[in-house]
Amino acid sequence: MTEISVTKADKVGTLPIDGKLGFGKIYTDHMFVMDYVSGKGWYSPRIVPYGEFGTVPATIVFHYGQAIFEGMKAFRNTDNQVAVFRANNYLNRLNRSAGFLCIPSVDVEQVREGLFKLLELDQDWVPGELGTALYIRPFVIATDKYIGLKSSNTYRLFIIMSPVGAYYETGFNPVSIKVEEKYVRATKGGLGQAKTPANYAMSLAAQEEAHAEGFTQVLWLDAVHRKYVEEVGTMNIFFKINGEIVTPELNGSILGGITRQTVLELARDWGLKVAERQISIEEVYEAQAKGQLEEIFGTGTAAVISPVGELSWKGERILINNNRTGKFAQKLFDYLTGVQYGNVPDKYDWMDKVKRK
Ligand code: COI
């Protein structure tokens, strides 16, 4: 594998105190970068100071959105050991997204090596308080300097990193969610299962309208029937109905979340009844009317496990579990964060350790 070159930053920053982190506001001293040109492949893997990079206005990604990204996390445990949660799962998903956008796949081993070298260098930026993490954002952009519509011949991959606190201002407290009726996120045959900026750009108008009405996020319904639950703006969604854990199946328009996969694995291992299937919004409201809707929560890398306290559909608001965090969501949160912060044994081998400095 090509040697990764390292150019160190002249000035290094410092990690702000944990309570002031917010989400995605500050970045570590360095980033990993690698380039691609057709015929040659990925080349010049390097770690350089985080900062501006030069390009021209005609760079194709600005015009047609040929780009993909990931969101992963590294944690500092109580022994001061830094470790990444399920690194290979995320990097493999980057390659799956690449396929949908005609972006060349990466060598997962090479990107992983770059990531862990970057983490080794910038590990002082990993916060340690419960609820904080180092958010890792790998992304690939098309870089041809050309504004005709085609897939690019050149690409650049970056990995940047940001110490973060809770994604939602409400922290781990229940969020209120509006069931979206006007807009749709994705349709089968489209880009819904890829982690690509278009899906997030698509969500902005709906999210702004929902915010203005006092909701934290929107719950997307399927684009054809406007009936089946898909996912929430930044998370997958789970229901606990009459003891059963239900989440929409990966039907081609939903993002296959790594936290979603983790929750399914845990629930099955804990002996719960689990179903990945179509679930209509009527079914959710009916379950509530029958007193069978026990919990709703979202799962995501940034959002972790996020209880849903209120749902609003066609103006009808329902309170889930009296707007309190449910027992199952709490158990998942405690287990997952327990493994991530090193307080619960990592029996599934989810945490990959970073070499100490
Ligand atoms: C993540 O959860 O990692 C995401 O990419 C969602 C993003 C809106 C922060």
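Helices (H or I, at least four residues) and strands (E, at least two) are DSSP runs, numbered from the N terminus. All the close-ups come from a predicted model, where local features need pLDDT of at least 70, side-chain atom pairs count only at pLDDT 80 or more, and totals for chains, interfaces and linings use all residues. Residues are numbered from 1 along each chain as its sequence is written, and side-chain values use heavy atoms, with hydrogens and water left out.

View 1. Is Ser 97 buried or exposed? Ser 97 counts as buried because its relative accessibility is 1%. Here, buried means under 20% relative accessible area, exposed means over 50%, and partly exposed is in between (1.4 Å probe, protein chains only). If you skip its neighbours within four places in sequence, Ser 97 is in contact with Ile 68, Ala 194 and Lys 195; contact means heavy atoms within 4.5 Å.

**View 2. Glu 316 and its surroundings.** Look for Glu 316 in strand 17, which runs over residues 316–319. Glu 316 counts as partly exposed because its relative accessibility is 47%. Again leaving out neighbours within four places in sequence, Tyr 285 and Leu 311 are in contact with Glu 316. Lys 178 is 138 residues away from Glu 316 along the chain, yet their C-alpha atoms are separated by 9.9 Å.

**View 3. Two residues with positive phi, Arg 86 and Arg 226.** Most residues other than glycine have a negative phi. You'll find Arg 86 in the loop between strand 6 (82–85) and helix 2, and it counts as buried because its relative accessibility is 8%. Arg 226 also has a positive phi, near 55 degrees. Arg 226 sits in the loop between strand 10 (217–221) and strand 11 (229–232), and at 38% relative accessibility it counts as partly exposed.

**View 4. A salt bridge between Arg 185 and Glu 231.** A salt bridge is a side-chain nitrogen of Lys or Arg within 4 Å of a carboxyl oxygen of Asp or Glu. How many salt bridges does a search of the whole structure find? The search finds 16. In the one between Arg 185 and Glu 231, the closest N and O atoms are 3.3 Å apart. This pair links distant parts of the chain, 46 residues apart: Arg 185 is in the loop between strand 9 (175–179) and helix 4 (197–202), and Glu 231 is in strand 11. Both Arg 185 and Glu 231 are buried.

**View 5. Glu 294 meets Lys 240.** These two side chains form a salt bridge at 2.6 Å, N to O. The partners are 54 residues apart and link distant parts of the chain, with Glu 294 in strand 15 (residues 293–300) and Lys 240 in strand 12 (residues 236–241). Glu 294 is partly exposed, with a relative accessible area of 27%, while Lys 240 is buried, with 15%.

**View 6. Asp 269 meets Lys 347.** Here the salt bridge is 4.0 Å, N to O. Asp 269 is in helix 6 (residues 258–269), and Lys 347 is in the loop between helix 8 (327–340) and strand 18 (351–353), 78 residues apart. At 46% relative accessibility, Asp 269 counts as partly exposed, whereas Lys 347, at 60%, counts as exposed.
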